[in-house]
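Dear colleague,

Please find below the structure that I am handing over to you. My notes on its contents follow directly after it.

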Amino acid sequence: MRSGLLLWFLIINVISYLVMADDKRRARQRCDRIPERTLFLLAAIGGSLGVLTAMNVKRHKTKHASFRVGIPLLLAMNAVLLGYFLF
């Protein structure tokens, strides 16, 4: 179960990073955007590190208070849950 859980967190964080990067690309091109709800859902199911990394690297959604506060809180929740299930 440990390796499966770690694999899940690795995959969901890579996906989360790529989705945030794609949303940034769409914002620049003024295309249809990925809903914030989707980004928060990805963060809530384990991809908060990927979302937070993309926020800082791509400088995307950094002015939104909901992201500045919500994503770090979800990261803390993800860390607690991961620690609980691994140890």
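A residue is called buried under 20% relative accessible area, exposed over 50% and partly exposed in between, using a 1.4 Å probe and protein chains only. The model is predicted, so local features need pLDDT of at least 70 and side-chain atom pairs count only at pLDDT 80 or more, while totals for chains, interfaces and linings use all residues. Residues are numbered from 1 along each chain as its sequence is written, and side-chain values use heavy atoms, with hydrogens and water left out.

Helices are DSSP runs (H or I, at least four residues) numbered from the N terminus. Helix α1 covers residues 2–28. Among the buried residues of α1 are Leu5, Phe9, Ile12 and Asn13. The buried residues of this helix pack against α2 (36–58) and α3 (65–86). Just after α1, Arg30 takes a positive phi of about 55°.

Aromatic rings of Phe, Tyr and Trp (its six-membered ring) pair if their centres lie within 6.5 Å; planes under 30 degrees apart are stacked, over 60 edge-to-face, and the rest tilted. Phe40 and Phe67 form a tilted pair, 4.5 Å centre to centre with 35° between the planes. Because Phe40 lies in α2 and Phe67 in α3, this pair ties together parts that are 27 residues apart in sequence. Tyr84 and Phe85 are edge-to-face, because their ring centres are 5.1 Å apart and their planes at 80°. Tyr84 counts as exposed, at 61% relative accessibility.

Conventions. Helix = DSSP H or I, 4+ residues; strand = E, 2+ residues; numbered from the N terminus. Expected span 1.5 Å × (residues − 1). Contact = heavy atoms within 4.5 Å.
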